[in-house]
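Here are my notes on the model you sent over. Have the structure open while you go through the points.

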Amino acid sequence: MWILCGGFSILFCIVNWLLFRLNRRLSVWAMISSLTFLILTLLQVIRMNVDWIYKSDWSALQDVMPEIFPYLLLFSIVLIVFNIIPFFTGNKKI
């Protein structure tokens with residue numbers, strides 16, 4: 001599920017940039033949607049970890065989290081920066 005939410009986040013980030021290039025107001029909605037799906041992605045990963053903790057599956061937690069954390073951090077930082085750049089550099093006439 002978190003992969004699906006991450007994919008939608010990337011999709012809305014691309015839509016944000018396309019609408020920004022066309023000088024549309026809807027780029028703000030695409031930015032909000034992208035950041036919302038980013039939050040949902042992170043919450044799904046946390047939910048996965050909580051399920052492993054409830055099941056006392058410490059080996060899964062030890063195997064997966066050290067590998068996935070740097071990618072989630074990079075994914076979050078890149079998407080936040082890419083979504084906020086059009087917002088601050090946008091056309092002031094709109």
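1. Start with the aromatics: Phe 8, Phe 12 and Phe 37 are linked into a cluster by ring pairs. Rings of Phe, Tyr and Trp (its six-membered ring) pair if their centres lie within 6.5 Å; planes under 30 degrees apart are stacked, over 60 edge-to-face, the rest tilted. By that rule the count is three aromatic pairs. Phe 8 and Phe 37 make a tilted one, 5.3 Å centre to centre with 40° between the planes. Phe 8 sits in helix H1 and Phe 37 in helix H2, so this pair ties together parts 29 residues apart in sequence. Helices here are DSSP runs (H or I, at least four residues), numbered from the N terminus.

2. A word on ground rules. This is a predicted model, so local features need pLDDT of at least 70 and side-chain atom pairs count only at pLDDT 80 or more, while totals for chains, interfaces and linings use all residues. Residues are numbered from 1 along each chain as its sequence is written, and side-chain values use heavy atoms, with hydrogens and water left out.

3. Trp 17 and Phe 20 form an edge-to-face pair, 5.9 Å centre to centre and 85° between the planes. They are three residues apart in helix H1, which means about one helical turn separates them. Trp 17 is partly exposed at 27% relative accessible area, whereas Phe 20 is buried at 13%. (Buried is under 20% relative accessible area, exposed over 50%, partly exposed in between, with a 1.4 Å probe and protein chains only.)

4. Also look at Ser 9 in helix H1 (residues 2-21). Its relative accessibility is 0%, so Ser 9 counts as buried. Leaving out residues up to four places away in sequence, Ser 9 touches Ser 34, Phe 37, Leu 38, Phe 75 and Leu 79; contact means heavy atoms within 4.5 Å.

5. How do H2 (residues 27-54) and H3 (residues 58-89) pack, and at what angle do their axes cross? The axes come within 11 Å and cross at roughly 170°. H2 and H3 are therefore roughly antiparallel, the word for angles over 145 degrees. Axes are lines fitted to C-alpha atoms over the stretch in contact, with angles from 0 to 180 degrees between N-to-C directions.

6. Finally, check Ser 56, in the loop between H2 and H3. Ser 56 is not a glycine, yet has a positive phi of about 55°. Most residues other than glycine have a negative phi. At 46% relative accessibility, Ser 56 counts as partly exposed.

Notes:
Helices (H or I, at least four residues) and strands (E, at least two) are DSSP runs, numbered from the N terminus. Angles under 35 degrees count as roughly parallel, over 145 as roughly antiparallel, 65 to 115 as roughly perpendicular and the rest as oblique.
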